[in-house]
Amino acid sequence: MEEELKNFIKVWVSAFISVTYCYYISTRIKAGVFRLLSVLPICVLYHIFPLFFSSGSAAFFLTWLANFKLILFSFFDQGPLLPTPPSISQFICFTCFPIKPLKNPKSQDQKPKWVFAIKVAIFGVLLQMYEYKQYMSPTMLLVLYSLHIYLEYEILLAPLKLLLSITLGCDLEPQFNEPYLATSLQDFWGRRWNLMVPAILRPSVYVPVRRMAGPKMNSDQAMFLGVFASFLVSGAVHELIFFYFTRESPTGEVTWFFVLHGVCTAAEGAAKRTSLVRRWKMCPMISRLLTVGFVVVTGGWLFFPQLTRSGMIERLADEAFVSIDFVKHNLFYLWRNRSLKS
């Protein structure tokens with residue numbers, strides 16, 4: 001555990017230093033091939049860093065998001081790093097963490113604090129339920145895993161977002177937007193789930209593929225190809241992240257999960273443009289049940305098997321318990337010292 005912590009610190013210090021190089025060197029090169037060549041060594045490093053410790057966070061933050069942000073910034077002259085942040089601290093944070101500044105702070109709906117408190121309480125109950133996992137049906141386990149993945153990432157990223165927002169002195173966009181309220185697959189993947197990912201895939205994969213396919217195909221076919229390519233890239237990157245976490249050879253199941261959702265999302269978009277579907281209005285409650293149900297069921301078929309076989313789900317639960325104990329211990333320590341002083 002101590003060696004893992006040392007590697008964790010070394011990796012993140014190295015990541016911050018490499019982003020500093022990008023800020024002071026690469027920003028002075030005009031966007032295009034030469035700027036891309038200047039950041040490619042950093043992209044290679046970000047594929048190596050997660051090998052030094054078994055945490056999916058470094059793979060998600062660096063190999064996945066940071067690399068795509070740097071490529072968008074260097075070659076396409078787009079993405080969350082443009083316009084170039086005025087300070088080195090902002091550039092480092094916007095590169096290494098799943099955040100980007102909120103463009104319209106006034107338009108952002110402020111959710112009641114009790115909603116987040118309820119999510120934390122539900123997550124605490126879910127962690128306790130793992131002790132009775134052997135007594136649960138496959139359906140109950142699937143619901144448990146789905147809620148766990150969503151709540152753990154939202155709860156862990158929320159304090160990070162708050163801390164960085166205070167440190168950087170700017171409002172940040174949310175990472176999730178109540179995905180359980182999605183009324184379609186387009187709504188779920190494009191506007192509610194892990195919002196940093198579509199914000200990166202749209203300019204880096206979807207738009208270029210659709211633009212290249214445009215002269216040779218009609219708009220529907222080009223849109224289908226763009227959506228499919230985006231989900232295919234997402235599936236391949238998830239396979240890589242799973243490898244970093246489990247150190248097991250990819251099985252292809254996760255890629256097929258995203259390929260399936262890419263096809264279904266593209267088909268859904270095409271269907272919505274037909275006159276028949278335009279006239280047919282479905283009850284929002286039913287569409288939410290169908291959408292979330294489809295994501296959960298296909299996740300149980302293709303997304304979760306590798307996680308459960310490798311014990312990754314249980315490791316996530318154990319890490320959550322360790323984090324909770326760490327927070328409780330430090331809060332108790334602070335409270336005790338304050339009591340002794342008074």
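Helices here are DSSP runs of type H or I with at least four residues, numbered from the N terminus. By that rule, Asn 194 is found in the loop between helix 7 and helix 8. The model is predicted.

Start with the overall fold. The chain has 13 helices and zero strands. Read along the sequence, the pattern is α-α-α-α-α-α-α-α-α-α-α-α-α. The chain counts 342 residues, and 45% of them are buried.

Begin at helix 1, which covers residues 2–24. Val 13 is found in this helix, and Phe 8 lies in helix 1 too. Both contribute to a nonpolar surface patch, made by Leu 5, Phe 8, Ile 9, Val 13 and Ile 17. The patch has an area of about 460 Å². Val 13 counts as partly exposed because its relative accessibility is 43%. Phe 8 has a relative accessibility of 34%, so it also counts as partly exposed.

Move on to the loop between helix 3 and helix 4, where helix 4 spans 88–96. Pro 83 has its place in this loop. A cis peptide bond joins Leu 82 and Pro 83. The omega angle there is about -5°.

Now turn to empty space. Rolling a probe the size of a water molecule over the atoms shows where such space is left. The structure holds one cavity of 30 Å³ or more. The largest cavity contains about 40 Å³ of space. Its lining is formed by Pro 98, Ile 99, Lys 100, Glu 173, Pro 174, Gln 175, Leu 195 and Met 196. By class, five of these residues are nonpolar, one is polar and two are charged.

The second largest pocket has a volume of about 1,200 Å³. Of the 49 residues that line this pocket, the closest to its centre are Phe 188, Trp 189, Trp 193, Asn 194 and Phe 258. Which elements give two or more residues to the lining? They are helix 3 (56–76), helix 6 (138–168), helix 7 (185–192), helix 8 (196–213), helix 9 (219–246), helix 10 (253–272), helix 12 (284–309) and helix 13 (312–341). Helix 9 supplies the largest share of the lining, nine residues. The pocket lining divides into 35 nonpolar, 11 polar and three charged residues.

Return to Asn 194, one of the residues closest to the centre of the second largest pocket. Is this residue buried or exposed? Asn 194 counts as buried, because its relative accessibility is 14% and the cut-off for buried is under 20%. Its backbone also stands out. Asn 194 is not a glycine, although its phi is positive, about 45°.

Arg 247 has its place in the loop between helix 9 and helix 10. With a relative accessible area of 35%, Arg 247 is partly exposed. Asn 194, by contrast, is buried.

How values were computed:
Residues are numbered from 1 along each chain as its sequence is written. This is a predicted model: local features need pLDDT of at least 70, side-chain atom pairs count only at pLDDT 80 or more; totals for chains, interfaces and linings use all residues. Side-chain values use heavy atoms; hydrogens and water are left out. On a 1 Å grid over the protein atoms alone, a cavity is a set of points where a 1.4 Å probe fits but cannot get out, and a pocket is an open set with protein on both sides within 12 Å along at least five of seven lines; lining residues have an atom within 4 Å of a point. Grid points are joined across faces, edges and corners, and a volume is the space filled by probe spheres set on the points. Ala, Val, Leu, Ile, Met, Phe, Trp, Tyr, Cys and Pro count as nonpolar, Asp, Glu, Lys and Arg as charged, and the others, Gly among them, as polar. Patches are made of residues with over 30% relative accessible area and no salt bridge: like charges are joined within 9 Å, nonpolar side chains (Val, Leu, Ile, Met, Phe, Trp, Tyr) within 5 Å. Accessible areas come from the Shrake-Rupley method with a 1.4 Å probe; for residues, only the protein chains shown count as cover. A salt bridge is a side-chain nitrogen of Lys or Arg within 4 Å of a carboxyl oxygen of Asp or Glu. Buried means under 20% relative accessible area, exposed over 50%, partly exposed in between (1.4 Å probe, protein chains only).
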